[in-house]
Amino acid sequence: MKKRFSRRHNSFVGAYPWVGPALISLVALVLVMGLFRFLLPGALVAVSKPFWSAGTSLSAGVGNVGSFFTDKTKLANERDALASENAALKAAGATSAARITDLERLLGDRTEAGNGVLAGVLARPPVSPYDVLVIDQGSDAGIKEGSRVQGPGGMPLGVIESVTKSSARVLLYSAPANETESWIGEARIPVTVVGEGAGSLSAEVAREAGVAVGDLVYMMGPGARAVGTVIEVGNDPSSPRSRVDIHPLQNPFSITWVTVTP
Amino acid sequence: MIRFAAVAAAFVSLFVFPWPVSAAFMLAASLFLPPAGIALGLVADLSYFVPGAALFPYLSVWGVACTLASLLVHRFVKTRIING
């Protein structure tokens with residue numbers, strides 16, 4: 001007796017036997033990942049932490065190996081330049097300290113030390129493909145979503161976007177399309193600074209505002225904090241506004257410690 | 001064994017190397033084991049992506065693309081061998 005069968009159906013199954021298992025695996029994978037992200041957010045970080053730490057150590061080690069092969073004369077010159085720069089900075093620091101003391105005598109100490117949380121950076125660009133930092137302190141240390149994050153010298157870097165018990169993710173101000181209210185220059189011209197990715201920022205100002213290359217950009221808020229310098233001002237005669245390109249003072253690729261202000 | 005090594009190397013690279021290197025590792029891993037591309041992309045975006053960081057999770061999309069490409073390659077290679 002001749003066996004009847006559907007050629008089309010069987011050929012499909014024969015050609016793509018992996019479709020069913022692959023779809024089931026994919027759905028299972030997405031469910032597991034969703035579980036990790038929303039129900040056990042700390043678990044993935046706990047698994048990742050040793051790798052991030054090892055990666056940071058490895059990067060530092062590779063840098064040291066590179067310096068071993070550097071020309072000795074060049075190193076000596078570099079050391080001399082750093083020594084003279086150190087001396088100049090010491091002098092400038094002493095001058096600033098004296099000035100602060102004089103001002104405090106006049107005005108009183110109206111600024112108090114912030115109660116920030118010091119956190120180490122586990123991952124940063126370019127390991128992270130986005131303008132996001134992963135830090136090693138979380139809700140256990142008092143960090144909350146929306147807390148502000150500062151770099152060395154109190155320079156504003158970004159905002160806490162998500163937090164677990166022992167870690168948090170920081171969305172940098174330079175993330176693409178991220179808008180931040182700021183001031184430019186000594187005249188404090190108010191602008192909206194837009195993130196361009198990879199640490200860079202941009203803004204648009206009126207052409208007659210007088211923004212020039214080298215002007216500092218400050219984040220709005222108490223005690224205007226500098227975040228970058230103007231590196232280029234667009235000069236399109238057909239437009240009443242100029243595009244301003246801003247270079248960050250702190251390279252997000254080399255941040256190792258941050259302070260989080262709850 | 002080599003499948004496991006490729007996937008493990010790609011997994012570790014997500015936390016150690018710059019993301020373009022990780023993306024290359026993901027492609028290599030998915031050539032050995034096609035679903036690895038999707039899995040690694042998801043792990044990467046679960047680790048780094050937050051709302052507002054980008055328009056869409058790049059590495060998940062890259063992972064899916066790697067998986068699809070590797071499935072295509074697998075099928076092409078198989079056909080070539082069978083047809084001689």
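User: How do strand E6 and strand E9 of chain A pair, and over how many bridges?
Analyst: The model is predicted: local features need pLDDT of at least 70, side-chain atom pairs count only at pLDDT 80 or more, and totals for chains, interfaces and linings use all residues. Residues are numbered from 1 along each chain as its sequence is written, while chains are lettered from A and ligands numbered from 1 in the order in which they are written. Strands (E, at least two residues) and helices (H or I, at least four) are DSSP runs numbered from the N terminus, and two strands pair if DSSP finds at least two bridges between them. Strand E6 (residues 179-184) and strand E9 (residues 216-219) of chain A pair in the antiparallel sense, over 3 bridges.

User: Which residue of E9(A) stands opposite A:Ile184?
Analyst: E6 and E9 both belong to a closed barrel of 6 strands in chain A, in the order E6-E7-E8-E11-E10-E9 with antiparallel pairing. The residue of E9(A) opposite A:Ile184 is A:Val217.

User: What is the order of strands in the closed barrel of chain A that includes E12?
Analyst: Strand E1 (residues 117-123) and strand E2 (residues 132-135) of chain A pair in the antiparallel sense over 2 bridges, and A:Ala123 has A:Val134 in E2(A) as its bridge partner. Both strands belong to this closed barrel of 6 strands with antiparallel pairing, which runs E1-E2-E5-E4-E3-E12.

User: Leaving aside neighbours within four places in sequence, with which residues is A:Leu133 in contact?
Analyst: Two residues are in contact if their C-beta atoms, placed from the backbone, lie within 7 Å. Apart from those sequence neighbours, the partners of A:Leu133 are A:Val121, A:Ala123, A:Arg124, A:Val170, A:Leu172, A:Ile255 and A:Val258.

User: How many nonpolar residues are on the side of chain A that touches chain B?
Analyst: In this interface, 29 residues of chain A are in contact with 20 residues of chain B. Helix H2 (19-39), helix H3 (41-68), strand E4 (156-163) and strand E5 (168-172) of chain A each give two or more residues to the chain A side. Ala, Val, Leu, Ile, Met, Phe, Trp, Tyr, Cys and Pro count as nonpolar, Asp, Glu, Lys and Arg as charged, and the others, Gly among them, as polar. By these classes, the chain A side has 6 polar, 4 charged and 19 nonpolar residues.

User: Why does A:Pro237 count as exposed?
Analyst: A:Pro237 lies in the loop between strand E10 (225-233) and strand E11 (241-248) of chain A. A residue is buried if 20 or more other C-beta atoms, placed from the backbone, lie within 10 Å of its own, exposed if 12 or fewer, and partly exposed in between. A:Pro237 counts as exposed because its C-beta neighbours inside 10 Å number 6.
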